[in-house]
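Hi,

Here's the structure I promised to pass on.

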Amino acid sequence: MERKRSLSHVGGGVSAVGDPTLSAALAHALDVAAAAPPTGGDNAEEEDREHVHGFHTYPARMHPETAARIIAALGTPHATVFDPFCGSGTVLVEAAIAKMRAYGTDLNPLAIRLASLKCSYYGDPWLAAFHDAALKVGEVATYRRAQKTGASHRYPDADMQLFAPHVLLELDGLAVGIAHADEDLRPALELVLSAILVKVSQKRSDTTRQASDRRIAAGYTTKLFVKKTVELCGRLKQFRELVKSPPQVQVGIDNATELETVPEDSVDLVVTSPPYAATYDYYAHHELRFRWLNLDAQALESRELGARRTYSRTDSIRAARDLWFTELTSTLQALEPTLRDGAQVVLLMADSAVHGEALRADASVEAAARQTGFTLVAAASQSRPHFHMPTMRAFEKAPRREHLLLLQRDRGQSHHPVEDEPTV
Ligand SMILES: C[S@@+](CC[C@H](N)C(=O)[O-])C[C@H]1O[C@@H](n2cnc3c(N)ncnc32)[C@H](O)[C@@H]1O
């Protein structure tokens, strides 16, 4: 039975189906301020986010409050929370704050770097050394600019087109400085560089090819790098105060349809936001950063789920639906052995469109769940704006919605051997 209740923000009423208590908890978790549109320009949404959540953009991040509310409602003390599509680490950060053990995997090497930085517990000496190192990197870039040293190597056409020549030279100076920094500080310095790359480029945001009309003054790129480092130190300190002791978070590269690194029978609660079918191209969005940070993203290029580039190669809506079904069932199959008895799986997913037709995330997940021995126990859904003009028609009849979907393993589907009843 479907219940509706009105909510104040742009998404409108939330529909809740299934178990009343669980679906009410999911509805509450969806009831958060709507995120800025993905093409909102200049990454405006990012600055609004608290502590480590606001450090670096990432396409289709989960709202931190949604993650926090799910974890508060469904997590138990000492539970292990797992996010197999951890992206920038939103769920892991919130699980750490809730004092739970957390494990996150993703096939995107930038995601893994970012999630692990955001969940790090750094003391003041490390933060001071990091700050000093960033100042030194800035000095190297400024010196090279003043000396008109020129680029340290030849840059590909993609960079020549994306950055004004003086910006590219400054970025090169920063990269040279980072390469000479202490090994322990280098990954965080590289992420600061990554955080400013699009802001000083001639591209409006991560997920658009639209050009920006920004004019970047000489010296601004270096100043922004140092400013972003200072800001990151503040954000990491805030996180440290929230968690109070080193959090138990692990992060690693893994394919969500294989999960080779996740022990069997280790997870109590899955909170995750898988890629939406045919919506983003994480590989393409981050290609620039892979290049600048020297990250090997071949596995993501070939095995990214939901990738728009893959779906655009399907020749019909039927082929796209079949592919989506296969991707979802493979994900649930890989997840199943990692779950402890009674584990809950919460997926945040939005409807998407391909070949002019809607792919409804709730119906797709329910079908995949049935096929893999899971039941959709509760769901909450809310309308979400659709920004992609070419597929607008797909949501004429029924609006695009975002869903929180709670799955449990069917009884009898446990992978554990059945033990004899203990004799009393
Ligand atoms: C919607 S985003 C997750 C965002 C994350 N919840 C956050 O708040 O940052 C989906 C993620 O799925 C990852 N992904 C895509 N294909 C994957 C695969 N085969 N295995 C693991 N992760 C994959 C992408 O790299 C991306 O980080």
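A quick definition before the notes: on a 1 Å grid over the protein atoms alone, a cavity is a set of points where a 1.4 Å probe fits but cannot get out, and lining residues have an atom within 4 Å of a point. Points are joined across faces, edges and corners, and a volume is the space filled by probe spheres set on them.

Bear in mind this is a predicted model: local features need pLDDT of at least 70, side-chain atom pairs pLDDT 80 or more, while totals for chains, interfaces and linings use all residues. Numbering starts from 1 along each chain as its sequence is written, and side-chain values use heavy atoms, with hydrogens and water left out.

Searching the whole structure turns up two cavities of 30 Å³ or more.

The largest cavity holds about 380 Å³, and it is the space the ligand takes (more than half of the ligand's atoms lie within 2 Å of the grid points). Its 30 lining residues include Phe-85, Gly-87 and Asp-106, which are among the closest to the centre.

A polar backbone atom of Ala-256 is 2.9 Å from a ligand nitrogen.

Cheers

Notes:
1 Å grid on protein atoms, 1.4 Å probe; cavity = no way out; pocket = protein on both sides within 12 Å on 5 of 7 lines; lining within 4 Å. Polar contact = N/O pair within 3.5 Å; in protein donor to acceptor, adjacent residues only side chain to side chain.
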